[in-house]
Amino acid sequence: MALDDIYKEVILDHYKSPRNKREMPEAELTCSKNNPLCGDEISVFVHQEDGKIAAVVITGSGCSISQSSASMMTEAVEGRALDEANAMAAEFRGMMAGEIEPDENEFGDLIALKGVVKYPIRIKCAVLAWDVLQEALEGADGEATGAAARG
Amino acid sequence: MSVTEERAPSALDVARIREDFPILARAVDGRPMVYLDSAATSQKPRRVIEAERDFYERHNANVHRGIYTLSEEATDLYERARATLASFVGAPEPETVVYTRGTTESINLVAHGWGRRFLREGDEILITDMEHHSNIVPWQLCARATGATLRYIGLTDDGLLDLSDLGSLLTERTKILSVTGMSNALGTITPLRQLVDAAHAVGAVVCVDGAQLVPHHPVNVAVLDAEFLAFSGHKMLGPTASGGLYGKREVLEQMDPFLGGGEMILEVHRDRATWKDIPYKFEAGTMNIAQEVGLAAAVDYLQALGMENVRAYEEELTAYALDLLIEAGARIIGPKDVSVRGGEISFWYKEIHPHDLATILNEEGVAIRAGHHCAQLVMRRYGVPATARASLYVYNTKEEVDRLVEALAKAEDLFAF
């Protein structure tokens, strides 16, 4: 149970003091999604350089799980190659499905969300940010998408 | 002023009632469970569980078919259950109660069997912004299929139907008014008497969504005079997939069947079929036999308590809960006057997202609902994505309300910014 409490602290820390939470209108890759079931909203803005995520920021509102997950995600994927970020998204989904035990060093704070697995109805809250990120990254292959085009 | 003032103590022995519900003795993570989600589904007394078990162990057979003792017993139990249900809602004739899996199926039955039969372009269907999705979507589908127009009665800031504009919404174009008797998302009890009279004055029929009203409030269709009353067994101590639709005899008789299939026909030819009389023309295929038998046991249980007593106790408990929640700083979404509301209490607490609140409360053994409660129009009207909802029933206690409020304090400690 003590472990749960540490997780809780990490989640609440990201919820109360979200990292990289602002708009980035000049970002070439963006996407917004909401979860109509609970009203969680997340927008992701990505600036890419040489196939890497040079900067990633988020905006949004919702429950602690959705918003902390988004905050943690920005820290986890910044500086990574786009395909690396996509692989991480797959790994995160695997963790939330209870199928993968991810590398703690690699995953950092994201590990804290593992405890959400026992609340199946809230897994979609945790995964929302990654859905938004991946959809934003899809724009990288073809033409860049603007905030006005998506959203 | 406290809303609990001048309220007579209840006639019910709730401690004894609780002993009839085996599940209420269980713990969650080592803590006694506090179940505050009866608006979603109620718990079942031993008598209901035993009635279903007894049916399967001693009388199980298909009904209205077999020429043998078991089938006759099953048919007898099934039809006696219908008479029990009919008498519970004040229907003078058992055959005016059609078995369904619950309110959703009942309203869909009305929207198909009555709506698609009688509605035309230019006709209007009137519902309200307070409705559960099960009293919205069937009418949207019906409107699309018939060309009829769907209109809505709005809501006031304090969670009541806004009837100031009723005269322009309810006109001779209105062919049906379908309205909840008690809102699952706000708790509001609607002024059915006034609505039925106003609808009848323009020649419209009335369908009442009784999913929340029937389990918690005395209802008499003979007095209410609505054409339809839909209700769910599982919200009134009965099994899941039990429930029914009351309809006035002449209206049911004019309607088309809903589902076609076995048991609902008289004769089948290559090019046509003829139907049985009511209620059987609406009961296609093998029905929810054991569940309706179980529901009759639930109704017997409620009648032994007395629905007036159930309502009085819940009014007292709701007043207690509202007082405590408001004192603790909760924002109530819905009316605060217990005379016009039931025990479905929607709230926000200290800006903590309802999903977070429900998760933290669960850790304290307190089960509440968080979400839009299948009432997105209500959420939109009050500018919230979701609410936390604690809903009360006859087995809940003031001590459990205290546990809820204590758990809220823990959530606040955790989430305080």
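Two strands count as paired if DSSP finds at least two bridges between them, and helices (H or I, at least four residues) and strands (E, at least two) are DSSP runs, numbered from the N terminus. With that in hand, let's go to chain B. B:Ser178 has B:Cys207 in S8(B) as its bridge partner. That's one spot along the pairing of S7(B) with strand S8 (residues 205–209) of chain B, which run parallel and are joined by five bridges.

Quick housekeeping. This is a predicted model, where local features need pLDDT of at least 70, side-chain atom pairs count only at pLDDT 80 or more, and totals for chains, interfaces and linings use all residues. Residues are numbered from 1 along each chain as its sequence is written, while chains are lettered from A and ligands numbered from 1 in the order in which they are written.

Back to strand S7 (residues 174–180) of chain B. Seven of its seven residues are buried, and buried here means 20 or more other C-beta atoms within 10 Å of the residue's own (exposed is 12 or fewer, partly exposed is in between, and C-beta atoms are placed from the backbone). S7(B) also pairs with strand S5 (residues 124–128) of chain B, in the parallel sense, over three bridges. There, B:Glu124 has B:Thr174 as its partner in S7(B).

Now, how is chain B divided? The domain assignment gives domain 1 (14–32 + 306–412) and domain 2 (49–304); such bounds come from an automatic or database assignment. Their contact takes 21 residues from domain 1 of chain B and 22 residues from domain 2 of chain B, where a contact means C-beta atoms, placed from the backbone, within 7 Å. What gives the most on the domain 1 side that touches domain 2 of chain B? It's H12(B), with five residues. The centres of the two domains, taken over C-alpha atoms, are 28 Å apart.

The peptide bond from B:Ile278 to B:Pro279 is cis, with omega near 0°, and B:Pro279 sits in the loop between strand S12 (273–275) and helix H11 (289–305) of chain B. B:His64 isn't a glycine, yet has a positive phi of about 55°; B:His64 is partly exposed, with 15 other C-beta atoms within 10 Å. B:Leu237, also not a glycine, has a positive phi of about 80°, but B:Leu237 counts as buried, with 28 C-beta neighbours inside 10 Å.

Over to chain A. There's an open sheet of three strands there, in the order S1-S2-S3, with antiparallel pairing. Strand S1 (29–35) and strand S3 (52–61) of chain A are at the edges with a single partner strand each, so one side of each has no neighbour in the sheet. Strand S2 (residues 40–49) of chain A pairs with S3(A) over nine bridges, and A:Val46 stands opposite A:Val56 in S3(A). Helix H5 (residues 123–138) of chain A lies across S1, S2 and S3 of chain A, at about 150° to S1(A). Those angles run from 0 to 180 degrees between N-to-C directions, with axes fitted to C-alpha atoms, for helices over the stretch in contact.

A:Leu133 touches, among others, A:Val44 and A:Met73, leaving aside residues up to four places away in sequence.

Conventions. Two residues are in contact if their C-beta atoms, placed from the backbone, lie within 7 Å.
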